[in-house]
Each structure stands twice: as C-alpha cells, then as structure tokens.
Amino acid sequence: MLYINLNRKSTTSLTQQIYEQIRGDILNRELKEGERLDSSRGLSSTIGVSRNVVLEAYDRLIAEGYVEVRPRSGTFVAKGSSLPLHENNVHRDQRMFRTDSEPKLIDFRGGNPAIDQFPRKKWGQLTKEVCGEAPDRIFGYGEPGGIEELRITLAKYLQRVRGVHCDPEQIMITQGATQALRLITELLIKDGISIAVEDPVTDEMRNIFINAGADLFPVPVDENGILPEHLPKGKKLGFVFVIPSHQFPMGGILSIQRRVQLIEYARKMNNYIVEDDYDSEFTYEGAPVPSIQGLDPERVIYVGTFSKILSPALRVGYAVLPAHLVEAFRNLKWFHDRHTASIDQLVLSRFIEEGYLDRHVRKMKKIYRKKREILEKCVLSSFKEAKTIGKAAGMHLVVDIPGATFTDDIVNKIKEKGVHIYPVEQYALKKGMHKQQIIMGYGGLTKEEIIEGVEELKRCLDMNKYRQ
Ligand SMILES: Cc1ncc(COP(=O)(O)O)c(C=O)c1O
C-alpha cells in the first residue's frame, strides 16, 4: 500500500504532492520495479481526495515512464525507472527542489523573515541583466572587502537611512552578519579579553563569540536596552556588543542618553562598541533612531545584514569599520573565503540603487505591522493578564504571562502539538529572571498560523496547568 502524506495547507497542489511522493519512492527504490501501485480508486479513498486528483498524478507518472499500465492488471513501477542505489544518484531535480509537503511546525522563532515575499521576479530580472551586461572583472577573483559598486551604493544608503558616516573603503562585505561578527572577534579578541554582551543575548551571536575563543561579560538590559552603568570599570574588554535598534530578545530601543554613555565608556576604556543593526528598518512606533556609529565612527563598528530585509539565503552582510581596522579585517576575510560572491553583490547594488530596496522595505513594514497587530491582539485576548514587551520594532515581541513557567517540559509539549515557542530564559546568561516570558516571532508566519499558534499555546498551557 502506498503511504502518501498530504499537506492540505501547502501551496503545492494535491496532484503534484502525490506525483512527487510516488516518484521519490520510485527513485529511492522504496517502490521497486514491477511493484503494483494502489488502484486510483483505492488510493483516492485512503488519502481522502477525489479520484481525478490521483488519476492526474498517475497519468503524469505514466507519461514520464516511471510507471506503466498493464491491461486488466493495474499500474506497476516500470523497469529501469531508477538507478542502482550504491551510485548514490538520487535524481537531480528531486535534490534541487525538496517538496514542502511535511506537516509544518508553527515556528515563532524571532528573526525569521517573510521569505514568501522575496522579490523573486525583480531579483531574477536584475540577475539576468547583470549576467548579460557586467564587465568581465566581476566574473574573476574580487576584492576581499567586496565590489566597489556595492560599497559605494551602501555607503550612500546607510548614510541616508541609518545616519552611518563612512567612506565606501570602510565597508567590508561579508557572508551575513554572522561572518562579520566572527571576523571582528578574531580581530579584536586576544587571550583573556572579554566581550561585554547584553543579557539576555541572542544565542547565535553568543555562540559565535564563544567559538572564537572569547569570554563573555553579561550586562543587564531593561525595557530600554543595555544599562551602561553595569559595564565593568576595572576590566579590559575587546568590545561591547549591542543591538540598540531593537535589542534581541527584549526589544528595547536604546535611548540617546545611553548611546552617549556607551561612547563615553568606549573612549575612556579605549575599546570598541560593536553595533548590530540587523532589523532596524522595521520600526513601527516613532522615527527610527539613527545608528550609534554616526556618533563616533572611530569607536563604533557597525554591522548589518540583508538576511532580514531580503533573505537569509543571500548571505550578504557587512561591517563598517574605523579606517585603522580596515586592512587587518580585509586580510582576515581573504583567509576565510577570499571574498563574498561578486555577482550577487552587483545584483544587490542595482537593487538598492534603482530604488527597489526602499520599495520592498515599505511594503514589508506594512506586512509586519499587520502581523504584529494580529499577534498582539490574539495574545492579549487569550491571556488577559499578559503583557507584550519590545514590540515597537523588528519581527518579534516578548510575551510575559504572569504565573506561567516555560520549562523545557512545557515547551516540548507545545512543540508536540505543532507550535514552537522560545523561552527568554534560554537566551539569559543570568538565569531565573525571565521564567514567565517567551519570544514570539511573527515575521515568517501567516495570519492563520499566528492565530492557530496562539490558540494552541493557550490550550496547552491550560491543559497542563502551567498557569496559576
Ligand atoms: C542578532 C542578530 N543579528 C544578525 C543576524 C543575522 O545574521 P546573518 O546576517 O548572518 O544571517 C541574526 C540572525 O538571526 C541575529 O540574531
């Protein structure tokens, strides 16, 4: 009997899902040559679809030679329809486009953007243009710091949108903010030197620092971001890592007074501020606060990424460095991977230069604002005593439910029901202060998923009596 797993919420048609799964089973030799397929009538009733849907999928498999009809006997896997397994030769197109027919987890991870909104058409068009028109040098080895076109475009964009002051030579294009932060750590952290980080802090960035050999010095945050008076007075730091536009995870937007305090501290202690500005474009309340870098370009290393405003798959980010660090950073980048892919950089440069990025950000801001409203409304109507924190920007907010305790056990139980939530405790260095708080990212979820996810969360908390 065939085992077909249908996802009725998927945008892939049921016919296509049936076709792909049977074809996959044949290619993987789970269905062997000569094996009989279920009758179309039998399969349609087992999986609850109309017979025509199954017939259409079978017709396609017949037309492509995967199966054959034997009169009055049925439909069978055709001879020679798959390669021997030891050749490890699963068909190319199957590997290229894995289907998404698996039941989907409603994943409230913070920082997942709406990848369904990626401007595929425009990006494709520009890629075609770049491949046709770009000078030959773009197809050769490039500068470790990135192509000049993108650095010039980015310098203008960052000045206009984020108040970043720099020459294009100070911009180093990297494989996302991840690589930028890794290289900065390698550059500035020597044995026994620590990095001050906000507490709680993103696990990904924390792991990058630890993996590069740094010790961490936790500095508490409140609803307005890092508390600079808690920075160490007598200890030499490599740098202070902050996310001032929308602290992760607590969502605070750092006030100008605290920004000034940070700069004063860095000057006095002769170290740097590393400013991660990963989702600052999405500010919903008030005007976006300009970067800290603009206050002191000699003391601040500014890090940005296109993972959130466009797509993490691009792997394009950047660091804006004080001029005296540029050469050393460029050398390190060369040793890591020579340079970031030049063709994508040129496409991105045109995308920004021709105004498509501004347009895309405007559109995404509306979409995220709407999703944020839906999430907040659902949360507040499901949990009367709940409070939402850090919602003025970004793609996530923190939900505080008095009386709740988000232990691993309850998180796993909720996950078993198809919903993934993220306790703030998981990101805290000093444990025990955030037990009733969870991060709820809404960027990558649909309206329906947000509603269903919150309903399931409520059901699970009520059922498991994890609330008083
Ligand atoms: C705080 C923070 N900054 C930046 C990023 C983006 O990293 P990348 O540009 O490597 O995708 C992330 C990813 O989730 C993040 O959590």
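This is a predicted model: local features need pLDDT of at least 70, side-chain atom pairs count only at pLDDT 80 or more; totals for chains, interfaces and linings use all residues.
**Who surrounds the ligand**
- The ligand has 13 residues around it, and the closest are A177, T178, D276, T305 and S307.
- Helix α7 hands over the largest share of that shell, with 3 residues.

**Polar pairs at the ligand**
- At A177 the backbone does the work: one of its polar backbone atoms is 2.7 Å from an oxygen atom of the ligand.
- With T178 it's the side chain, where an N or O atom is 2.5 Å from a ligand oxygen.
- D276 pairs up with a nitrogen atom of the ligand instead, and an N or O atom in the D276 side chain is 2.6 Å away from that nitrogen.
- On its own the ligand has 390 Å² of accessible area, and the protein covers 92% of that.
- If you're looking for the elements that give two or more residues to the shell, they are α7 (176-188) and α8 (203-211).

**A stop at E169**
- You'll find E169 in the loop that runs between α6 (148-162) and β4 (171-174).
- E169 counts as partly exposed because its relative accessibility is 46%, which falls between the 20% and 50% cut-offs.
- Setting aside neighbours within four places in sequence, E169 touches R151 and V326.
- G146 sits 23 residues from E169 in sequence, and their C-alpha atoms are 9.5 Å apart in space.

Notes: Residues are numbered from 1 along each chain as its sequence is written. Side-chain values use heavy atoms; hydrogens and water are left out. A residue is near a molecule or strand if one of its heavy atoms lies within 4 Å of it. A polar contact is a pair of N or O atoms within 3.5 Å; within protein, one must be able to donate a hydrogen and the other to accept it, and residues adjacent in sequence count only if both atoms are side-chain atoms. Accessible areas come from the Shrake-Rupley method with a 1.4 Å probe; for residues, only the protein chains shown count as cover. Helices (H or I, at least four residues) and strands (E, at least two) are DSSP runs, numbered from the N terminus. Buried means under 20% relative accessible area, exposed over 50%, partly exposed in between (1.4 Å probe, protein chains only). Contact means heavy atoms within 4.5 Å.
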